[in-house]
Amino acid sequence: MKSSGIGGQAVIEGIMMRNGENYAVAVRKPDHTIEVKKETYKGIASKCRIFRLPFIRGIFNFIDSMVLGMSTLTYAASFYEEEEEEPSKFEKKLIALFGDNLEKIIMGITVAVSIALAIGIFMVLPVFLVGLIKPIIGNGWFAGLLEGIVRLLIFIGYVTLISRMEDIRRVYMYHGAEHKCINCIEHGLELTVDNVEKSSKQHKRCGTSFMLFVMLISILLFMVIRVDNLWLRMLSRVILVPVIAGISYEVLRLAGNSDNKIINLLSRPGLWLQNLTTKEPDRSMIQVAICAVEAVFDWKTYLNSEWGNNKND
């Protein structure tokens with residue numbers, strides 16, 4: 001494997017693929033044609049050199065991914081929305097007040113609420129649950145370990161539960177198509193439907209692996225950091241989220257750019273977990289993913305420069 005540096009995410013009936021500051025969204029519309037939109041997104045991380053330093057860049061890249069992800073999901077969903085109703089009086093007031101900035105404000109609020117909910121469910125809730133039996137288990141390293149196990153079980157349970165929803169299952173199939181396209185290129189194969197189809201749907205740079213690293217690193221960190229007061233303990237979990245995210249990003253980045261045997265071993269749990277968040281796509285989904293890749297990435301030049309000549313099997 002040779003890293004290409006490209007990445008993306010699944011959206012409603014489509015794929016977003018990003019290469020540096022350029023990204024493209026390819027969506028299979030209700031009439032079965034493929035719509036491709038290419039844009040540029042610089043994000044917070046590009047505004048200051050400090051934001052690009054190791055262990056700091058992960059925090060801002062995560063926020064940028066959330067903002068861009070929400071934006072592209074909204075764009076893809078717009079093809080499947082029913083005919084819009086007349087705006088309410090409240091909506092008209094908001095439009096008059098904020099004008100063209102309304103969409104950005106709504107997106108910012110959505111991202112903030114999403115992050116708050118994620119921290120509440122995956123970071124604060126386990127502390128509260130384990131706190132109920134603290135008089136029995138005490139405040140030693142075992143309490144931190146148990147808290148981490150509860151956090152991990154909540155995360156796996158959440159992923160498993162939503163994977164049973166039909167709409168989410170289709171998104172997971174597109175997620176698989178995204179991974180298979182990247183793996184196809186990074187293993188020196190021409191980007192064709194046949195080659196993509198036989199490539200792996202698991203990838204070490206996946207956001208699912210990132211979330212698992214967050215869970216595992218939090219276990220190690222909170223086994224060492226012990227706070228007696230329940231509310232201060234909850235607060236410490238919230239405050240340390242950026243630290244955990246920064247460390248997890250660097251581990252994921254290392255894993256995605258290395259074929260070291262030890263790194264591959266550490267990446268394996270994340271790849272196993274991806275069996276829940278990726279499904280085998282059909283050929284029509286692969287076609288959409290290829291369109292997204294080709295809009296932002298010259299894979300032919302990449303294959304020639306990295307592999308010398310194209311492989312066909």
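This briefing walks through some features of the structure shown above.

The model is predicted, so local features need pLDDT of at least 70 and side-chain atom pairs count only at pLDDT 80 or more, while totals for chains, interfaces and linings use all residues. Residues are numbered from 1 along each chain as its sequence is written, and side-chain values use heavy atoms, with hydrogens and water left out. The structure holds nine salt bridges and zero disulfides.

**Helix α5 and the UniProt spans**

- Helix α5 covers residues 141–163; helices here are DSSP runs of H or I with at least four residues, strands are runs of E with at least two, and both are numbered from the N terminus.
- The 23 residues of α5 should span 33 Å at 1.5 Å a residue, and this agrees with the 33 Å between its end C-alpha atoms. The expected span is 1.5 Å times one less than the number of residues.
- Among the buried residues of α5 are Ala-143, Gly-144, Val-150 and Phe-155. Buried means under 20% relative accessible area, exposed means over 50%, and partly exposed lies in between (1.4 Å probe, protein chains only).
- An unreviewed UniProt entry places the feature "transmembrane region" at residues 105–129, 141–161, 206–225 and 231–252. UniProt positions follow the numbering used here, feature names are shortened, and annotations may be inferred rather than shown by experiment.
- Residues 141–161 are 100% helix and 0% strand, with end C-alpha atoms 30 Å apart.
- Residues 231–252 are 95% helix and 0% strand, and their end C-alpha atoms lie 31 Å apart.

**Salt bridges**

- Side chains of opposite charge can pair when their charged atoms come close. A salt bridge is counted when a side-chain nitrogen of Lys or Arg is within 4 Å of a carboxyl oxygen of Asp or Glu.
- Glu-147 pairs with Arg-151, their closest N and O atoms being 2.6 Å apart. These two residues are four apart in helix α5, so about one helical turn separates them.
- Glu-147 also meets Arg-237 in a salt bridge (2.8 Å, N to O). Because Glu-147 lies in α5 and Arg-237 in helix α9 (residues 230–239), this pair ties together parts 90 residues apart in sequence.
- Shared partners join Glu-147, Arg-151 and Arg-237 into one network. Glu-147 is buried at 3% relative accessibility, and Arg-237 is buried at 2%.
- Glu-250 and Arg-57 form another salt bridge (2.8 Å, N to O). This pair links distant parts of the chain, with Glu-250 in helix α10 (residues 241–256) and Arg-57 in helix α1 (residues 57–77), 193 residues apart.

**A nonpolar surface patch**

- Residues including Ile-105, Val-113, Leu-125 and Phe-128 form a nonpolar patch on the surface, and the whole patch has about 970 Å² of accessible area. Areas come from the Shrake-Rupley method with a 1.4 Å probe, and for residues only the protein chains shown count as cover.
- Patch residues have over 30% relative accessible area and no salt bridge; like charges are joined within 9 Å, and nonpolar side chains (Val, Leu, Ile, Met, Phe, Trp, Tyr) within 5 Å.
- Helix α3 (residues 102–131) gives the most to the patch, with eight residues.
- Leu-125 lies in α3 and counts as partly exposed because its relative accessibility is 34%.

**Cysteines**

- The sulfur of Cys-181 is 6.9 Å from its closest cysteine sulfur, in Cys-184, too far for a bond. A disulfide needs a pair of cysteine sulfur atoms within 2.5 Å.
- Cys-181 is buried at 0% relative accessibility, and Cys-184 is buried at 0% too.
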